[in-house]
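Me: I would like to learn how to read a structure like this one. Could we take one feature at a time?

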Amino acid sequence: MAVALSHRRIESLGVESLQDGYERQTISPVDVVHAVYDRIDEYADKAVWITVAPRAGAVAYAQHLVTQFEGKPRPPLYGVPFSVKDNIDVAAYPTTVACPGLAYTATHTAPVVQRLLDAGAIFIGKTNLDQFATGLVGHRSPFGTPRCVYDPDYISGGSSSGSAVSVAANLVTFTVATDTGGSGRIPAALNGVVGLKPTHGTLSTVGVVPAVRTADCVAVIAKSVEDAKVAWRIMKGYDAEDIYARHTLPVWPRLWPRGSADDPLRFGVPSSDELSKLSPAYSHLFDNVLDGLTKSMHLQKSSSFDYSPFAAANDMLFHSSVVAQRLASFNEYTVQHGFDDLHPVVRDIFSSGADYSAKRAYADIFTLRALKRAAEVQFRDNIDVLVVPSTVHHFTVAEIEEEPVERNNVLGTFAYFVNLLDLCAVAVPAGVWRNEKGLVMPFGVTLIAQAGRDEDVFELGRRAMEFI
């Protein structure tokens, strides 16, 4: 019989650590659930959550797992606590998308979440987000502003704000989030954790409130690449109900390199003009990363890589007819309720989507198709992986309030194009800096590869965390 322990004795919520404790019977899932809820009660930032599952129900479910698997092989996520971004359905719980007027009680659980439950994971609650998953700041929700775990004066990033904080604050092992233009990667970077952006169409978006259907991806945020990959492998799979689900993945002309002297892994970086947008601290840390990639990991930097198609695509998420997809996604709500109850910044973004014609929409489709082809050529001829700073700067909440639109867009400088160009990516911690108060703050980079290269680029991210 496992001994009941205080949450202070449960040092890590990592998947391997928990499974080791369960195997040795030093802890049980019931102990872990109590520890998690104690931490949630004690954590000062109450804006992390929109809905927390009742403790009694989570404890009962944990005890059910103990009874069900007594003396039997345990499923891979046995007793692992996780959170869900509140634009993803969990049966019997409200889905709000941070918009009370849109809130509804879900009757079904999203398939990606159900797969985790079937694998033994324990649902803890629904996390806060930028309203309608529109934003990279984490400061566009009527349910409050989750703050960076390193310094509460700073933004957590968004739109998966509460999700990233729930992981970084050790309240859960991992979270199920979404990523349409960096919404999983940027809050992960700003809180010193890992964000996986899988290939579009490989994780079901059924039961996920859409934002931009052609770009929406279910994402995973965790403390380590290993933990994120465990969840990702369980969640992925073809779903015929998902209109963007892929039967097969692309086959690229070049195999993923072995990383040896005679078959080096080639990488590219943004142009010097783009990198000039970095804060001084971020610029210095990114230089350190590049030094580590070449000297410690023996990657080969491409001298002929052209970043221009990636930069051009980046401008299209909010400066082309692509933005009209957000209006289409929430058309029923806006027809019934108008825009008056929306967050002011979200209202302005949605209103701008009405200005585009069908002619412009088709022109943008063709432009984006050409940029995708140009990006494919760069991956074929010059690089295997693109390495970028996850974002350009870490703003305070006060700075975002001063300039809520432009500073939000600046955060997406190296993020938006990943979804529009159908790429996969992993954001990993890659150093620290000190803010004006002398507090340590995180810096992160994102490794980006072609669709279907998820396993390869995630593994590269894991290695990068060891060397950098």
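**Reading a pocket and a residue**

Reply: Start with the largest pocket: at least two residues of its lining come from each of helix H11 (324-329), helix H14 (358-381) and helix H17 (416-420). Keep in mind that this is a predicted model.

Me: Which helix gives the most to the lining of the largest pocket?

Reply: That is H14, with 6 residues.

Me: How is a pocket found, and what is the volume of the largest one?

Reply: Empty space shows up when a probe the size of a water molecule is rolled over the atoms. Here the largest pocket has a volume of about 450 Å³. It is lined by 19 residues, and those closest to its centre are Thr214, Val322, Gln325, Ile365 and Leu368.

Me: How do the residues of that lining divide into nonpolar, polar and charged?

Reply: The lining of the largest pocket has 9 nonpolar, 6 polar and 4 charged residues.

Me: Now a single residue. Where is Asn435, and is Asn435 buried or exposed?

Reply: Buried means a relative accessible area under 20%. Asn435 has 6%, so it counts as buried. Asn435 sits in the loop between strand E12 (423-434) and strand E13 (440-450).

Me: What does the side chain of Asn435 reach?

Reply: The side chain of Asn435 comes to 3.0 Å from the backbone nitrogen of Leu439. A polar contact of 2.9 Å also links the side chains of Asn435 and Asp151.

Me: Which residues is Asn435 in contact with, leaving aside neighbours within four places in sequence?

Reply: Those are Asp151, Tyr154 and Met441.

Note on methods: Residues are numbered from 1 along each chain as its sequence is written. This is a predicted model: local features need pLDDT of at least 70, side-chain atom pairs count only at pLDDT 80 or more; totals for chains, interfaces and linings use all residues. Side-chain values use heavy atoms; hydrogens and water are left out. Helices (H or I, at least four residues) and strands (E, at least two) are DSSP runs, numbered from the N terminus. Buried means under 20% relative accessible area, exposed over 50%, partly exposed in between (1.4 Å probe, protein chains only). A polar contact is a pair of N or O atoms within 3.5 Å; within protein, one must be able to donate a hydrogen and the other to accept it, and residues adjacent in sequence count only if both atoms are side-chain atoms. Contact means heavy atoms within 4.5 Å. On a 1 Å grid over the protein atoms alone, a cavity is a set of points where a 1.4 Å probe fits but cannot get out, and a pocket is an open set with protein on both sides within 12 Å along at least five of seven lines; lining residues have an atom within 4 Å of a point. Grid points are joined across faces, edges and corners, and a volume is the space filled by probe spheres set on the points. Ala, Val, Leu, Ile, Met, Phe, Trp, Tyr, Cys and Pro count as nonpolar, Asp, Glu, Lys and Arg as charged, and the others, Gly among them, as polar.
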